[in-house]
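Open the model in your viewer and keep the selection tool at hand. The stops below go from the whole chain to single residues.

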Amino acid sequence: MSVVIDVSDVPLDRVSFAVSPLAELGAALHVLAEPSHHPGLLDWAVRTRTHLPPDLADRLHEADILWRSTRSDLFLPGSAAAGLTGLGPKGAGLKAADLKVADLGVADLKEELDAWDRLDDDAFVVAAVEISCATSFAHPRPSPLRRAEDRRRARELAAARGLRQAAFADRLLEDPQKVRAWLRRLLEDCEQHFFGEVWQRVRPQLTADARHKNELLKHRGLAHAVASVSSAITLDTERHLLVIDKLQDGRVRATSTGLVFLPTAFGWPHLVVRDAHGDRPVLQYPVAVPELPPALSLAVVRQRLEAVAHPLRLRLCRTLARGPHSTTELADANGLTAPEVSRHLGVLKKAGLTRTRRQGRYVFHELDIELVGRLGADLLGNALR
């Protein structure tokens with residue numbers, strides 16, 4: 001499984017790393033709604049939620065379908081209408097005609113919310129109702145304002161999340177302009193009560209990260225730039241594909257409109273891809289990563305889970321967890337031949353779950369306790385990515 005971004009038609013000068021207060025606010029709202037995804041930010045989430053005015057907390061709950069489990073496309077601006085601040089060095093960033101290359105000090109949330117006002121109702125609603133839990137991208141996404149069938153489908157998806165979420169979807173479908181104004185006021189209140197301080201704190205870090213990666217992009221190419229983003233992203237240079245290791249299937253085609261990477265201080269462990277359907281695709285990635293072992297690929301996690309799924313290998317793991325044992329010992333204890341045990345030990349060792357050491361003429365096998373202990377975390381990290 002993976003999400004693939006086809007970059008074969010994208011000139012290098014149309015790829016850029018940029019900062020977006022709107023995207024950062026969307027990431028922060030997700031943390032507030034799902035703090036269990038972000039243990040390193042739990043203290044911030046608890047402290048922020050505690051100090052929210054009751055009315056604001058209530059309105060955030062009402063609209064959390066936009067950011068709780070699936071991030072609405074409204075919070076990942078990639079349109080030329082969006083007021084992103086381009087950070088690319090001359091000749092490497094997005095062109096001024098597409099992104100406003102402005103003084104970093106003037107980029108603000110208002111500029112990006114103004115871009116919402118330039119969207120027609122269909123575009124706004126389609127972006128807002130990107131709330132399906134499907135693991136693949138839908139092509140295309142019809143506007144629920146056009147057909148009763150699509151309208152009913154959008155409401156059903158919202159109703160599955162809760163009564164208040166269904167009511168929010170109903171209001172959105174009935175009066176998009178009114179909900180758009182309501183949502184803008186909500187985000188402006190967030191800026192006033194907590195996000196303004198957050199943005200001032202994290203903006204220098206995000207700006208520095210984007211500048212650095214734009215320099216890598218200019219001087220060393222796309223492969224080095226994306227490698228610095230995450231070990232879960234690779235560039236297939238032969239097929240011109242960015243491959244993102246996720247428990248999700250999807251294919252995004254970046255055209256001459258370009259491709260935008262947005263850093264976030266609230267993202268780990270997520271890598272969020274916006275499939276823009278003809279617009280500029282966006283990939284949001286975390287810059288603040290806990291001090292953890294390197295992230296494992298989905299293929300390695302699957303190999304290790306399959307290795308311990310066999311009943312006999314699971315019994316061998318139980319024995320090896322208690323200390324080193326030879327093949328002969330394990331065969332005698334389980335009523336098997338030595339070749340049978342060796343075959344199963346080979347599967348465990350190939351998956352990296354065991355190690356061996358020689359003592360005289362005997363080879364002893366032992367379980368890598370630390371690695372096996374991380375298996376659940378590795379699985380969860382891939383699931384959340």
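The tour follows, with something to select at each stop.

This is a predicted model, in which local features need pLDDT of at least 70 and side-chain atom pairs count only at pLDDT 80 or more, while totals for chains, interfaces and linings use all residues. Residues are numbered from 1 along each chain as its sequence is written, and side-chain values use heavy atoms, with hydrogens and water left out.

**The whole chain**

Select the protein chain and colour by secondary structure: there are 15 helices and 12 strands. Helices (H or I, at least four residues) and strands (E, at least two) are DSSP runs numbered from the N terminus. Of the 385 residues, 51% count as buried; buried means under 20% relative accessible area and exposed over 50%, with partly exposed in between (1.4 Å probe, protein chains only). Contacts (heavy atoms within 4.5 Å) with a separation of 6 or more come in 71% of cases from residues 24 or more positions apart.

**Helix α13**

Next select residues 338-350, which form helix α13. Its 13 residues reach 18 Å from the first C-alpha to the last, close to the 18 Å expected at 1.5 Å a residue; the expected span is 1.5 Å times one less than the number of residues. Show the side chains of Val341, His344, Leu345 and Leu348, which are buried. Seen down the axis of α13, the buried residues fall within an arc of 105 degrees, so they line one face of the helix; the arc is that of the directions from the helix axis to the C-beta atoms.

What covers these buried residues? Among the elements that do so are α10 (298-309), α11 (311-320) and β11 (354-359). Now turn to the face away from the buried side, where Pro339, Arg343 and Lys350 are exposed. After α13 comes Gly352, with a positive phi near 80 degrees.

**Helices α3 and α7**

Select residues 54-63 (α3) and 163-174 (α7), which pack at an angle of about 80 degrees with their axes 7 Å apart. Axes are lines fitted to C-alpha atoms, for helices over the stretch in contact, and angles run from 0 to 180 degrees between N-to-C directions. The two helices, α3 and α7, are therefore roughly perpendicular, a term for angles of 65 to 115 degrees. Show Asp58, His61, Glu62 and Ala63 in α3, which meet Arg164, Gln165, Phe168 and Arg171 in α7.

**Ala158**

Last, select Ala158 in helix α6 (residues 148-159). Ala158 is buried, at 0% relative accessibility. Ala158 and Phe168 are 10 residues apart in sequence and 8.2 Å apart in space, C-alpha to C-alpha.

Conventions. Parallel < 35°, antiparallel > 145°, perpendicular 65-115°, else oblique.
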